[in-house]
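Here are my notes on the model, as numbered points. Please read them beside the coordinates.

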Amino acid sequence: MATLYTYPNYWRSYPALIAAQYSGVQINIVSEPLESDAFLSRFPFGKVPVFEGEDGFQINEGTAIAHYVSPESLRGSCLQDSALVQQWVNFANSEIVPSVATWVYPTLGAADYNKQATERAREHLQGVLSVLEEHLKTHTFLVGERVTLADICVVCALLLAYTQVLDPPQREGYGSVTRWFCTCVQQPQFSQVLGEVQLCEKAAECVGKKVPKNDPPKEEAEQYALDPTEEAMAAEPKAKDPFASLPKSTFALDEFKRKYSNDNTMTVALPYLWENFDREGWSLWYSEYRYASELGQVFMSCNLITGMFQRLDRLRKNAFASVALFGEDGDSSISGIWLLRGQDLAFELCDDWKVDYETYTWRKLDPDDEETKMLVKEYLCWEGEFKHVGRSFNQGKIFK
């Protein structure tokens with residue numbers, strides 16, 4: 001029988017154990033001693049989980065082990081699906097795990113609490129959830145019509161967030177992600193490993209690292225151990241707020257976003273916007289992609305918009321946008337409405353935000369002008385004549 005060396009209830013081992021449930025691979029779990037000279041002589045990386053097959057084959061890293069023990073159905077049904085599965089696995093490791101670790105570990109007493117780093121991690125995870133939300137609005141699972149290793153790895157990466165900090169208010173606006181998450185964890189192969197997963201009802205407080213009178217067992221401490229990437233992110237100080245010099249605004253962007261996400265756009269969100277819009281603290285802009293003649297297939301144009309949103313992740317607290325794709329394959333255009341903090345284009349305030357904005361033309365709008373009100377209405381409702389475009393509405397994406 002194959003052996004998995006890992007700490008008890010160690011979340012990094014869950015993808016491999018869930019994958020094994022799908023393939024029927026029998027795995028013996030060994031939890032001690034994991035720091036002995038004998039263990040280190042056989043596994044010089046000194047990390048768990050580590051897998052050893054009946055034939056003596058050894059492999060480290062949870063997602064790599066999961067891939068090895070998975071049936072073909074979890075790896076993708078064709079070359080393209082296999083690549084997409086790997087894309088989401090990498091997405092879980094690089095985009096989700098560091099943010100979840102930085103935000104959640106202090107609530108478990110497994111890491112020191114850094115307010116700035118935690119806030120930055122929370123913002124980043126919200127951006128990640130927004131990307132997942134857009135994808136899962138039209139997909140039951142991340143790749144194809146059945147569970148794959150992509151779903152397993154992303155669910156496991158989000159597990160601590162959903163059970164510790166993503167309470168109902170934090171889950172607002174991510175209904176498709178939560179639906180997908182619950183669908184996955186209720187699968188028998190997941191529940192056999194995870195047990196019954198209870199979603200967080202009240203976000204745990206960040207209490208910082210616990211200092212017990214006696215050192216805890218190593219396996220207990222290592223359950224939530226940060227790898228070097230997570231440690232670097234947790235320790236990284238938050239960059240200076242580029243909007244710090246602006247006067248305090250009376251407009252509550254988060255409240256507007258909640259109304260836009262949860263209430264009727266025409267009867268609730270738009271009236272709230274115009275009744276509370278702070279003309280001194282915020283500005284409205286119309287953007288249009290400069291190179292419409294070079295746009296090809298619709299899905300590639302949509303990826304262009306999504307990519308820009310991802311790179312602007314840290315701008316979310318100070319911006320909102322509705323960007324639309326018009327036309328069809330080979331004959332399309334991209335344009336949108338942006339609500340930005342301040343009176344100038346915010347993209348100039350941070351090098352990270354300059355990547356895409358120069359590929360668009362920008363026109364500042366007068367919030368009191370009727371043309372502006374019509375543009376905002378059409379782009380936020382995703383319906384109307386869009387006379388200025390000359391193409392029919394195809395689909396839209398929201399930056400929030």
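**Notes on cavities, pocket and packing**

1. The largest cavity has a volume of about 70 Å³. A cavity here is a set of points on a 1 Å grid, over the protein atoms alone, where a 1.4 Å probe fits but cannot get out. Grid points are joined across faces, edges and corners, and a volume is the space filled by probe spheres set on the points. The whole structure holds three cavities of 30 Å³ or more.

2. On provenance: the model is predicted, with local features needing pLDDT of at least 70 and side-chain atom pairs pLDDT 80 or more, while totals for chains, interfaces and linings use all residues. Numbering starts from 1 along each chain as its sequence is written, and side-chain values use heavy atoms, with hydrogens and water left out.

3. The largest cavity is lined by S130, V131, E134, T306, F309, Q310, R316, K397 and I398; lining residues have an atom within 4 Å of a point. α6, α15 and β9 each give at least two residues to this lining. Helices (H or I, at least four residues) and strands (E, at least two) are DSSP runs, numbered from the N terminus. The lining has three nonpolar, three polar and three charged residues. Ala, Val, Leu, Ile, Met, Phe, Trp, Tyr, Cys and Pro count as nonpolar, Asp, Glu, Lys and Arg as charged, and the others, Gly among them, as polar.

4. The largest pocket holds about 820 Å³ of space. Of its 22 lining residues, H135, H139, N303, T306 and K397 are the closest to the centre. A pocket is an open set with protein on both sides within 12 Å along at least five of seven lines. α5 (79-104), α6 (115-136), α15 (298-311) and β9 (393-399) each supply at least two lining residues. The largest share, six residues, is from α15. By class, the pocket lining has eight nonpolar, 11 polar and three charged residues.

5. V298 belongs to α15. V298 is buried, at 13% relative accessible area; buried means under 20%, exposed over 50%, partly exposed in between (1.4 Å probe, protein chains only). Leaving out residues up to four places away in sequence, V298 touches L325, E328, D329, N394 and Q395. Contact means heavy atoms within 4.5 Å.

6. Which residues of helix α3 (residues 62-69) are buried? They are G62, I65, A66 and V69. These four lie on the same side of α3, because they cover an arc of only 100 degrees around the axis. The arc is that of the directions from the helix axis to the C-beta atoms. Their cover includes β1 (2-5), α1 (14-23), β3 (50-52), β4 (58-60) and α7 (149-164).

7. Q189 sits in helix α10 (residues 188-194) and is partly exposed, at 21% relative accessibility. Q189 and Q21 are 168 residues apart in sequence, yet 5.3 Å apart C-alpha to C-alpha.

8. There are 33 aromatic pairs. One of them, F256 with F320, is edge-to-face: 5.1 Å centre to centre, 80 degrees between the planes. This pair links helix α13 (residues 253-262) to strand β6 (residues 319-328), 64 residues apart. Rings of Phe, Tyr and Trp (its six-membered ring) pair if their centres lie within 6.5 Å; planes under 30 degrees apart are stacked, over 60 edge-to-face, the rest tilted. F256 is buried at 1% relative accessibility, and F320 is buried at 3%.
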